[in-house]
Amino acid sequence: MAGKPKQRKRNGGIRHWGPGLLLISPSLLLVGVFVYGLIGANFWTSMQNTHTAPQVSGVEPSHFVGLENFFHLFTQPSFQTSLWHLLVFTFSFLGGTLLLGFLWAWLLEKPLKGEGFFRAVFLFPMAVSFIASGVVWRWLLSSSTGEQATGLNRLFQMVGLDFLQNQWTQSLKYGILAIVVPAVWQLAGYVMALFLAGFRGIPSELREAAKVDGATEWQLYRHIIFPQLTPIALSAVIIIGHMSLKSFDLIISITSKDWFQTVVPAVDMYNYMNVLDYSNSAAVGAILLVIVAVLVIPYLIHDSRESRR
């Protein structure tokens, strides 16, 4: 007698979630094969010694080498430089988009005539593909000077600001920072939209109550508005951070796959594929995946815990 209620409960549970599971099973199958399955295949390839030698016998038999490809990459000065460029690019990209996005949102949050026009202007770059904007920025960031100057260097020459002329992407020290300029231009509007939604989501009663209590404008922002915008800022950091880590199309359209000044791991992965070195290309992809996971997974865990409270 004691077992019947349990059996009914178990059967009732199957009837409860069974149809839903059956409904999403095609999506689960596709995600399992084409996302997690391919991720697993990439990691397996990264631990193989797979490359081609057309001058000898075509594709050479691959064999398992474990983490040897990863150790080889991290000991290469060129890949160390790529990681450094990625670090500089990511932090500069994050700082620029967060700063400009917040300032634009703060300006639009105030009563302003023509707000719809300015919002459209700030958001427009986000609608342009990275390849299309990269072609334009390649001309704007031309390193030519003097009579051959074009782009920004020509503009500085025309207004008498010759000292601002720069080598831009061809600079050995600051080439990667030149890529940050178009990247920030393209995505600062997206961050502005996030912050603007956060500003508009703060109840007006909170502001009015703080003013009634005698809070100054700075105290209002510090104790009321900024804490409310913290989740928005965290979301922006995660989204922009993971986009910067895998940046490829914007960089490759502005510079070239062979430019040492702006090379990042995503470009290295492309270059390894060009020479049919599948193992090292997969290893670079695995490294980028791990870096992104280190940033995203803690955020997902934190978000899941917050949603349960």
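Reader: Where does G95 lie, and how do you know whether to call this residue buried, partly exposed or exposed?
Author: G95 lies in helix α3. Helices here are DSSP runs of H or I with at least four residues, strands are E runs of at least two, and both are numbered from the N terminus. The relative accessible area of G95 is 36%. Buried means under 20%, exposed means over 50%, and partly exposed is in between (1.4 Å probe, protein chains only). So G95 is partly exposed. Its C-alpha atom is 9.0 Å from that of V184, 89 residues apart along the chain.

Reader: What kind of model is this, and how are residues numbered?
Author: This is a predicted model, with residues numbered from 1 along each chain as its sequence is written. Local features need pLDDT of at least 70 and side-chain atom pairs count only at pLDDT 80 or more, while totals for chains, interfaces and linings use all residues; side-chain values use heavy atoms, with hydrogens and water left out.

Reader: What makes up the secondary structure of the protein chain?
Author: There are 12 helices and two strands. From the N terminus on, the order is α-β-β-α-α-α-α-α-α-α-α-α-α-α. Of the 309 residues, 34% count as buried. The chain exposes about 18,900 Å², and carbon and sulfur atoms supply 68% of that area. Accessible areas come from the Shrake-Rupley method with a 1.4 Å probe; for residues, only the protein chains shown count as cover.

Reader: What share of the contacts joins residues 24 or more positions apart?
Author: The share is 68% of the contacts with a separation of 6 or more. Contact means heavy atoms within 4.5 Å.

Reader: How do you know that the span of α7 agrees with its residue count?
Author: The expected span is 1.5 Å times one less than the number of residues. Helix α7 (residues 175–200) has 26 residues, so it should span 38 Å. Its end C-alpha atoms are 38 Å apart, which agrees. Even so, α7 bends by about 35° at L187. The bend is the angle between axes fitted to the seven residues ending at a residue and the seven starting there.

Reader: What about α4, its span and its bend?
Author: Helix α4 (residues 115–127) has 13 residues. It reaches 19 Å from its first C-alpha to its last, close to the expected 18 Å. It bends by about 25° at V121, and P125, a proline, follows within four residues.

Reader: Which residues of α4 are buried, and what do they pack against?
Author: E115, F122 and P125 are buried. The buried residues of α4 pack against α3 (77–109) and α7.

Reader: Why is D268 called buried?
Author: D268 has a relative accessible area of 12%, so it counts as buried. Its place is in helix α11. Leaving aside neighbours within four places in sequence, D268 is in contact with F79, S82 and V263.

Reader: And N271: buried or exposed?
Author: N271 is at 18% relative accessibility, so it counts as buried. N271 is also in helix α11. The C-alpha atoms of N271 and S281, 10 residues apart along the chain, are separated by 7.9 Å.

Reader: What makes the phi of W168 worth a note?
Author: The value is positive, about 55°, although W168 is not a glycine. W168 sits in the loop between α6 (151–158) and α7. Its relative accessible area is 15%, so W168 is buried.

Reader: What is the phi of L276, and where is that residue found?
Author: Phi of L276 is near 65°, a positive value in a residue other than glycine. L276 is found in the loop between α11 (265–274) and α12 (278–308). With a relative accessible area of 31%, L276 is partly exposed.

Reader: Why is V135 called exposed?
Author: V135 has a relative accessible area of 52%, so it is exposed. Its place is in helix α5 (residues 130–140).

Reader: Which residues form the nonpolar patch on the surface?
Author: They are L29, L30, V31, V33, F34, V35, Y36 and L38, with about 800 Å² of accessible area together. Patch members have over 30% relative accessible area and no salt bridge; nonpolar side chains (Val, Leu, Ile, Met, Phe, Trp, Tyr) are joined within 5 Å, like charges within 9 Å. A salt bridge is a side-chain nitrogen of Lys or Arg within 4 Å of a carboxyl oxygen of Asp or Glu. L29 is in helix α1 (residues 3–46). At 57% relative accessibility, L29 counts as exposed.
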